[in-house]
Each structure stands twice: as structure tokens, then as C-alpha cells.
Amino acid sequence: MQTGYVLLATIAVPLLTALALTAVPSRYPNAVRVIAVAVGFVLFGLSLYAFFAYQVADGEQFQFQLRWDWIENVGVLGDHGITLHLGIDGIGAPMVLLTGIVAFAGTLISWKIDYRNKDFFILFMVLVSGVFGVFTSLDLFFWFFFYELAVLPMYLLIGVWGSSSVFPTFARTKEYGALKLTMYLVAGSVLIFIGIFAVFVEAGIGTFDLLALYQVQFDEDFQKIVFPLFLIGCGVLAGLWPFHTWSPDGHVAAPTAVSMLHAGVLMKLGAFGIIRLGMQLLPEGAEFWMPALITLGTVNVVYGAISATAQTDFKYMVGYSSVSHMGYVLMGLATMNPIGVNGAVLQMFSHGVMTALMFAMVGALYDQAHVREMSIFGGLAQRMPRFVAFFAIAGLTSIGLPGLSGFVAEFNVFVGVFRTYPALGALGILGAAITAVYILRMLALAFFGPFNERWKELTEMTRWEQAGGALLIAFILFMGVFPSPFADRIAESVLLIPGVR
Amino acid sequence: MPEELNLDYSLLTPEFCLAGLAALVFALDLFAPRFRKEWLPYLTAAGLVAILGLSFGWANKESDFAGLLSVDNYTTFFRVFFMATAAAVALASAQFVPARLRHPGEYYGLLVLSTIGAIYMAAARELLTAYISLELLSFSLYVLVSYAKFDPRSNEGGMKYMLLGAFSSALFLYGLSLIYGSAGSTFYADIASAYAGGTEEFDLGLLMGLVLVLAGLGFKVAAVPFHMWTPDAYEGAPLPITAYLSATSKAAGFALLLRLFSSAFLPVLDDWQWMFAALAALTMVLGNLVALQQHNIKRLLAYSSIGQVGYMLMAVAALSSATASALLLHLSGYVITNLAAFTCIIAWNNLTGKEEIADFRGMAERAPLLAASLTAALFSLAGMPLFAGFLTKFLLFQAVAEEGFLWLSVIAVVMSLVSLYYYLMVIKELYISQPEEPGRLPVPALVNGLAVALVVGVFYVGIFPRHLFEAAQEATKLLFA
């Protein structure tokens, strides 16, 4: 049974949980944990349901629709001026699932947070609600509302629970990372805001409903002017080069669960926005600007990979690797052919799960060792076999090993790119090769080889971390060996994006 | 001039009641020395709320008193608005006044009197009536700003405010005389028909008049370049009065501006729009940029409120019924938010005696509820979602863009980004910096209650704005009839 209330629940449940948690006395931290994990589980269940109950070949572009009038016929708003209009297509469905998985894993991993854990989970739930809202909203106002809502708690989440990095010659404090991330993302949303003004005025139909706006034929010059606003505005969040610098600093400073959600899911909001607002709303503008996007995307891949190779800190390496992998998403979108865009969306899911796993593992190590320097570890596989196995799976997914989700996604992207821009496709593959260099080097340096006696105190991950990691790995394998539930949903919807052929 | 004067005094009942309330508060202070003076704020607030309820009796009616004052939905909207604001300020003063000030009777009495002035500024439909109402508000405020008699800053702030205020009143009056000379009437409706009917042309005299009126009102609402008094008056005034300045004084200025320019000068819209547009752009850029450098929370909020004035002036520049209703919505959201912020700041000041931004460090440990409320208010001022600020800014900026002032909206959005930075700097002190000394502070339950009630208001406007927005639309509809 398909009902929009499922999607509404994914937004409302975390928000109401945040509200309810304020009433829990902070002297009961375990009650807070139990509630958070239980809600995480419920959200995971809801997203799983939404994903599998989504019907392929059902004829409806958007399913699970729910539409409530919110404000109408006041001021500049006409009939159905602003509606809480929810619905998912084959692109939204895997994203909702991704959010459910990572949010659940995040609550599990955050079990061990002691310092003001109530406040942490309140903000975390607000963040989760915002993310679900973006993936399910079909109204421009609410899309933007939830987009900002996802940014809102970040400053405090990073500033209060984050960690600072100290390098030999300089330091990156958590306040710095928090502020940089917040200001960059809000600066990006300023561009989106302006784009929304322009679209609303130009359309002149008095509604923010995206499905109504999709029917409007915008002037070609208008599209060419406004599309970059959405492209760069959303691109900032997607880690688009050269607006990516918040990403490594912010993700490194963030506490583990927030890094997972942020790198795993929030960066996908950016790519998702490029599809929803950019390609679907302004197809001619997209057509015009795609060569620029694929160029920048290629820079993302290669530059991110080279930067990752240069890192000595685990978390910075993962941060730059995210920049690099988001490049594949951008390249795939920019091809504007079905296989490339398919690959991009698959990569959004795959990278989301994979990078969440990587951040979870880095966090598990950091919480014990309190350092993240790769070179000072060695032979950890002897002390923490499961940890190393989990980390290695994440790394191999990142390289694109067949049988894991990364392969499916990147293969599609490469085929798509080779069809349109063979030279850039070659550079993309070069990026994958560099990825292998830094991942394998890290595995060799830190996890295998002779055991460093300094770390004999380290123990295996906690149960909660293992559970969270296992959940993520299950989906990496699922998509790696049986991608059709994902690919079918995505492929159908991708063909409905105007301009993709 | 209306044919027959309507002298129905019952239309003014709420203001008579307010005057009675003010007299009662004065008298209690004077004649009943043993009367427990700490009850005065509650008496004032209760009286205001009762009269507020009474004023709903004039909802959806349209009448006027001798052509001078309108009693319509616009007036009713602002009656409710100003009385609610004054009641909140009276409650927020309950701990502050006995600790810091003397003569509570005059304090609360002047608060109520100034409310009458503010209401008549919104109700006036004749230039001199508008002027007298403006002065009633201003004179009460001059006294209130310098109420901390032994604090040199308060005296300095009050003096600056009064001198510049008197100067701006003179400008305003001179402007009125020029307008009268050009249009031949002081009634808004007659001025409008003189220009709409073509009996009078837009001339230099009127232009000069408008410039001077704008300068005079610019002082009142603290628009750049007439804002110089604001930071000093805000810093010097007793904290609750700072809150009151940022709420009622500004809102009343806009209430007057909106009715005057829509009822009287709409026919010559093209000739004065550019002035407001320029003023709006200047005000929001300067207010927000200077706010970045402030170390005192009052001065920070003073400059941030200047920035907010810039957003509101945009709505007057792009005047239409859509922007007017969006302006009223934004004004309501802004005032509720600001009162919430000030309630927390006043409470913190009562407990610690400090008002530098750095002194707010660790507030989340020492007074968690106040810290959360203040954070909510600051996020709302920055325009983040769930809170009032996001929605009201979105609708306001969209309405302005709709009228062809996209460039102003773009400046406004960029300036909102700037404002987020300095609000985050305060939030950083609240949550990330460690407190000077550990331990919870004993926050009175009433203060917590007031802060929570105001924050609930902030959420209400941000999440269920429909009713308020429709009320704002009803209120402004007649202005454009």
C-alpha cells in the first residue's frame, strides 16, 4: 500500500522525537540512547518500506504523494501557493533508503556519546528530519525549508561534539570547521534562494509546487542565467570544485555520526538538488552548462584523489576521498545520457553507504587512540581483526572492486562519460587508479605489517559500532551483487528527466 | 475634508482604557506607598491584555473618528500588536526594575502611554494627528531611555535620542508643511485624490516634503543614514526599554509609513520609490556589516535591528498589497523574536550583571532553557527554518522580488548570510565556550515561562503562519482600496 503518510512520518517522527527528548531529564542518558536508537530503527524501517513498496513501471512519475495546502491566496501566493507536497520518484526512493540506513547506523554509533547526549540527539534528529524532507519534498518552498533545516544544527553539532586537528605547523579547530561548513553551505543556499525568487516570478503562476513549475516552459535565456545559481548553490553542498574546501575541514571536525550523515547523505542533497531544481526545472539551462559541470566534476575526481594521497590523517584522507567520489556523481549527471545519470544516482547511494562506513571506522579508532595519524599505527589487524575487515571492505568499495556497490556505480558512470566525453572518461579512470593508491597504502601502513607495540591497549570495536558497520556493509554487498532493485527504480525515473537521452 | 464629522467617541474606547490604566498605575505608585510595587508589572500586563481583548470588538469594522483616525482592521491589527508587545515588556521588566531603577509607577505608566501614541500612529489618517501621535510615543521614550538616572550611559543615550529626535521631528513637520502647500490638504485621502485626479502635479515642493518626511521617519525607525542615535540609545537604555525600542518604536514607525505612503502617496509611487529602495539597500548593508564588529550584546542587536529595518524598507519601496501584508507578517515575527531574545538577555543580566557578548559564555550550562531560547531567537533573526525568521523573510523577499526589485532581494539574502555569522558568534559563546564558574543559576520560573511562551510564538509564526498572514492581509487590504 502506498501512502504519503510514510514519507510524512520520516520527516515528522524525528522532529517529534527532538521535541520529546527535550522533556527527558538529562540525568537519564540511557533513556535518551534507547529512544534515539529505537527511532533510528523506526526510520530505517520506514525508509525500507518506502523503497520496496515503490512500484516500478506503475506509470506514475511520483509515488507516495501527499499534498496539504499550507498557505494559499495570500500576498503573492495563488491557489496552492505553498503546499506540503511530498512524493518520491525512482531517484528519491534510494535516497530515502540511504538516509534511513545512515541515520540508523549513526544512532548506533553515537551510543557512546556521553557529553550532553540529549542535546546531541535532539540536534541529530533535526538534521535527519531535514534530510528526509529534501528527498521527499515536491514543493520548492518546502524543499528549501528542509534544505536549510539540514544545515541549521550543524554548527552546534560540530562545535560542541567535534574534534580539533593539530598538525605540526598549524591547527584546524572544531570551531573553525563548524563555522566554515555552515557559512559555505548557507552561502550556497543564498544562490538557491535567489534562483527560487527568479523562478517564481518568471513562472508567474503563484505556486511553489514543483510539479506545476515543471509544466512551465521557461525562456531559454532565463534558464541559462538561472541554472548556474542552482548548479553552484547545490554544488557547494555536493562538494563541487572549487567550492569543496569546507568538506574536508568540516567532516574532519565533526563527530563521527555527523560526519557519516554529512558526507554520506548531505552531500547527496546537493547532487539531488542539481537534478530536482536544475535538470528537471531548467532543462535547457542544464544542456547549456553541462560541459562546464563535467569539466569541474573531472577536476573533482582527480584533484580530490591527489589530495587524499597527500593526507597523513585518516579522516582528512576520507574527507578528500569524498570530494573525489562526489566528482563521479557530478560527471555522471553532466553526461545527460541515461546510463551516465543512472551511474551518478547509483554512486550517490553507494558512496553514501561506503563513506558512512569509513567515517564510522575512523571514529571507532579515534575514540580509543585519540590520534588519527596513519603512519603511527601498524599491524592493527592483529588486535582488531573485525575493525580492519570492515575498514578494508569500505576501502575496496571505494576503489570499485566488483561485487561491491562502488563497481556497479562507477562502471555506469564511466560508460556514460565515454559515450560523450572520452578524454574526460580517461581522466576519471585515472582518478580511480589514484584511489587505489591511497586506499591500499593506508591499509598497508596502518592495518597490516608489523604490529606497533604502542597500540597493544586497543580493543575491538564496541557492539554498537559493529552493528552499525554490519548494517552498512549489508547494503554495500546487496547493491554490489544484486543491483537491479536500485537500477530499475533509478533507470525508469532518469528517462523522465527532460533532456536525458 | 469629510462632509460630516463622525464624533463617535466609542471608537476610541481601547485608548481611553489605556489612558485610565496609565493613570491607575501612576496613582497607585503615588497614593498607595504601601501597595506592593512589585505587583505593578503584573497589573500593567493584565490591564493591557484585557484591553487587547476588548479591541477585538472592532475587528472587521470600518469607521473613522472625525476623519482623523481610522478604526479599521489595520488599526485593530496594530492595537493588538502594540498592547501585546507592551505587556511582554512589562513582564520582562518585573525583576529588572526593582533591582536597577526607581519610581516604577512612572516607568509602567509611560510604557502604557507610549502604546497609545504607537496605536494612533497606525490609526492616523491625517498628517498632524500622525505627528502628535509620533510625539506622544517619542516623549515617553525619551524619558524611558534615560530612566537609569545615575547611569551616565543612560543619560547620554537619552540626551542623544532626545536631541536627534527633536531635530527629526522638526524635519518631519517642515516636510508636512511643504506637502500641505503642494497638495492643499493634510488628509491622506484628499492628498491621494489631488494627485490621482490630476488636480495637482508632482512638483519640487512635494518632492522636498517627501524627502523631509522620510528623513524624519527615518530617524524614528533608525534607517541609515539617520541611525546614529540607535547604538547609543540602545546601549544606554535600561534593557527592557531597549527591547521596547527595538519592537514598538520601529513597528510604529512602519505602521505610520505604510499607511501614509499607501493611502496618500500611492498615485505618485514612481516618484518616491527610488528613495526607499536606496535607503533600504544602504540600511541593510551598513547595519549588518557594522554589527560584525560589536562586542556588546545591546549594540549587536541595535545594529542587527538596523539591518532588519533595511529588509522592511524594501517592502515600502516595492509597495503593493502583497508586500504590505508580507511586511506586517515580518514585523510580527521580528518583534516576537526580538522580545524572546531580550527576555533571555534581561534575565542573564539580572543574574550576572553583564552584557558583553563574551560574558555569555557557558550560558548553556548555567541556564539551559534561556540559552536554548536565545539560540532559537538568534537563529530566527538569521532566517533559519522552523523559526519565524525563515518564513517571514522568504515571503517578504519573494514579494519584493515580485514587484521588480529582485536586486534588493538579492542584497537582502546576502546580508542575511552576513548576519548569520555574528549570530553564530553569540551562539558559540552560549554553547561551545566553557562557563566562568560552574553551577546552575536560579532563573525565576516566570522568566523561563515568558521565554518559552515567546519561543513558542516564534515557532508558531514559523510553522503555522496561515492565520497571522491572513490577518495581515485583511489589515492591509483597505489601504489599497
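## A helix pair in chain A

In chain A, the axes of helix α1 (residues 4-22) and helix α4 (residues 117-136) come within 8 Å and cross at roughly 165°, where axes are lines fitted to C-alpha atoms, for helices over the stretch in contact, and angles run from 0 to 180 degrees between N-to-C directions. α1(A) and α4(A) are therefore roughly antiparallel to each other, a term for angles over 145 degrees. Their crossing is left-handed, which is to say that the near helix is turned anticlockwise from the far one by less than a right angle.

The residues of α1(A) that take part include L7(A), I11(A), L15(A) and A18(A), and those of α4(A) include F121(A), I122(A), M125(A) and F132(A), contact being counted if C-beta atoms, placed from the backbone, lie within 7 Å. By class, this contact of α1(A) with α4(A) has 12 nonpolar, six polar and one charged residues (Ala, Val, Leu, Ile, Met, Phe, Trp, Tyr, Cys and Pro count as nonpolar, Asp, Glu, Lys and Arg as charged, and the others, Gly among them, as polar).

## Basis of the model

This is a predicted model, in which local features need pLDDT of at least 70 and side-chain atom pairs count only at pLDDT 80 or more, while totals for chains, interfaces and linings use all residues. Residues are numbered from 1 along each chain as its sequence is written, and chains are lettered from A and ligands numbered from 1 in the order in which they are written.

## Chain A as a whole

Chain A has 19 helices and four strands, these being DSSP runs (H or I, at least four residues, for helices; E, at least two, for strands) numbered from the N terminus. The C-alpha atoms of chain A fill a box of roughly 70 × 60 × 45 Å along the principal axes. Of the 501 residues in chain A, 62% are buried, with 20 or more other C-beta atoms within 10 Å of their own. Among contacts in chain A between residues at least 6 apart in sequence, 82% join residues at least 24 apart.

## The contact between chains A and B

The contact takes 33 residues from chain B and 27 residues from chain A. On the chain B side, α14 (321-352), α17 (388-402), α18 (406-431) and α20 (466-477) each supply at least two residues, and the largest share, 12 residues, comes from α18(B). By class, that side has 25 nonpolar, four polar and four charged residues.

## A loop residue

T169(A) lies in the loop between β3 (165-166) and β4 (171-172) of chain A. T169(A) is exposed, with 5 other C-beta atoms within 10 Å, the cut-off for exposed being 12 or fewer.

Terms used: Angles under 35 degrees count as roughly parallel, over 145 as roughly antiparallel, 65 to 115 as roughly perpendicular and the rest as oblique. Two residues are in contact if their C-beta atoms, placed from the backbone, lie within 7 Å.
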